[in-house]
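Hi everyone, thanks for making time today. I'd like to walk you through one model, so please have the viewer open.

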Amino acid sequence: MRFSAELLSIEEQMAVHETSLRILSELGVKFLGQKALPLLKHNGARVDEASRIARLPRTMVKEALGMAPRSFVLGARNPLYDFRLPTQATRYCIDGTASFMQDFVTGERRYGTKKDIEDSLRIFQQLDMGVMAWAPVTASEAPAHTRALHEFFAMARYSSKHGEHELHFANQVPYLAAGLEALLGSKAELRRRHAYSLIYCPVAPLMHDGEMLDAYLELGDLDLPVMIMPMPVCGTTGPASLFSNLCQANAEALSSIVIYELAHPGRPLIYSNATGTMDFRNGAYLGGSPEMGLMAAGLTQMGRFYGLPTSSAGCTSDAKQPGPEAVLEKMMTTLPPVCAGADIIIGIGEMESDQLLVLEQLIVDNELAHFCERMAAGIQTDGSKDLVQDILQVGPGGNFLKSRNTRLAARTSEFFNPALTDRHTYENWLELGKPGMYTKAREKVREILAAPPLDPLPESIARQLDEILQAADKELGK
């Protein structure tokens, strides 16, 4: 019996769905950019050209949901890391595009760089729970007009797992396409393998960024999967109730599904979410709250309700530094979507409301992911776990230590054996120098960064990426 969560009953899921359809058909969604409104109008949406608001009939939403694939493979530069969606066991994506980095040597909080992307992805490459790479910080030293390209290619250099990132402007599309084709060998192979994808966040409340949406629609010719991640925050960009915030987030997700499937029927999509709450004392965004974990579980259920591959923000924290607060909040925001059945959780490695990357936190969060996996696995009840005969043989006052089944159990996954948390006696713990979770994590980071990169990008392809970036820097900067 698995440890699972049903936050929303089927009646409540239907209520979210119906409320979302009402929002889309009665209020509508604002679509900026050049491509979306003509396409929506041609397919029967009621479009107000002046306000750029399109009202989407429920039949349009139903048809779009019917076009979206129910399963597909997230490929990878190295096919050994291909990952089929949906999956029975939750896996993880490194969190993305934080502004700041906690310097591993000095502890200084500073802006992120391409070198930080390299170091973090070299660590992520070796995390067994991680399946999806993302550029975890912005490359502050890169030119603003090509920064997303620098981040995308840095991520692709240092991880051979599936990679996702974002584009900000339509004029970046040819350079990204050229780089991804270089990584995969051809346009046909890029389309077939789905080794790279895009993350797309509608602008809450109920808007779509024109430049980004135009770019992503153009990239539909390459069949790049899109992870759709609405981000309304209760009380600021979303209504001040968890239920209504779920409805708005779901409406934003559905409006995204409509436009992507109308433009390219059958394009692979992942239903995701990254909601938050407001600190009512000061107006600050909170990503490490229990309410965030609840909404993550609820929207994960809505993705399952539509039969789509589903991911969720999670493993998030508002802590300003590594320590107990970070671990508490990360566990609280990870376990609910895991138990609700999320295929992928996005959030490992960062804190301070997703704005600070900490290298040792990557190692700690991988351990936390193992704890959550063990919790979700639940209790096995098959015949091999029926040890009543042992009870009858040992009897009252006895001891099971000498039992053959006890010896066998020590080598099974039923009893989780952590890598970072300490289980020595107090005396042994003192003799070992009082090791802690973060102490061991820092040692692991040093070990990884001192060794050669794992599965590096061939130098010939790296040179091609450099040439593409040089051209983009020069041509887009005019």
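Let me start with how elements are named: helices (H or I, at least four residues) and strands (E, at least two) are DSSP runs, numbered from the N terminus. This is a predicted model, so local features need pLDDT of at least 70 and side-chain atom pairs count only at pLDDT 80 or more, while totals for chains, interfaces and linings use all residues. Residues are numbered from 1 along each chain as its sequence is written, and side-chain values use heavy atoms, with hydrogens and water left out.

First stop, Phe400. Where is Phe400 found? In the loop between α13 (388-394) and α14 (404-409). Together with Val388, Ile391 and Leu392, Phe400 makes a nonpolar surface patch of about 380 Å². Patches take residues with over 30% relative accessible area and no salt bridge, joining nonpolar side chains (Val, Leu, Ile, Met, Phe, Trp, Tyr) within 5 Å and like charges within 9 Å. A salt bridge here is a side-chain nitrogen of Lys or Arg within 4 Å of a carboxyl oxygen of Asp or Glu. The areas are Shrake-Rupley values with a 1.4 Å probe, and for residues only the protein chains shown count as cover.

Now to α6, residues 173-184. How many of its 12 residues are buried? Nine are, so to speak a mostly covered helix. Among them are Tyr175, Leu176 and Gly179. Ala177 also counts as buried, because its relative accessibility is 13%. Between Ala177 and Leu222 there are 8.0 Å from C-alpha to C-alpha, although they sit 45 residues apart in sequence. End to end, α6 reaches 16 Å from its first C-alpha to its last, close to the expected 16 Å; the expected span is 1.5 Å times one less than the number of residues.

Helix α11 (residues 324-340) has 17 residues and reaches 25 Å, close to the 24 Å expected. Its buried residues include Ala326, Leu335 and Cys339. Gly341 follows α11, with a positive phi near 100°.

Last, the rings. The structure holds eight aromatic pairs, counted when ring centres of Phe, Tyr or Trp (its six-membered ring) lie within 6.5 Å; planes under 30 degrees apart are stacked, over 60 edge-to-face and the rest tilted. Tyr200, Tyr216 and Tyr260 form one aromatic cluster.

Methods. Buried means under 20% relative accessible area, exposed over 50%, partly exposed in between (1.4 Å probe, protein chains only).
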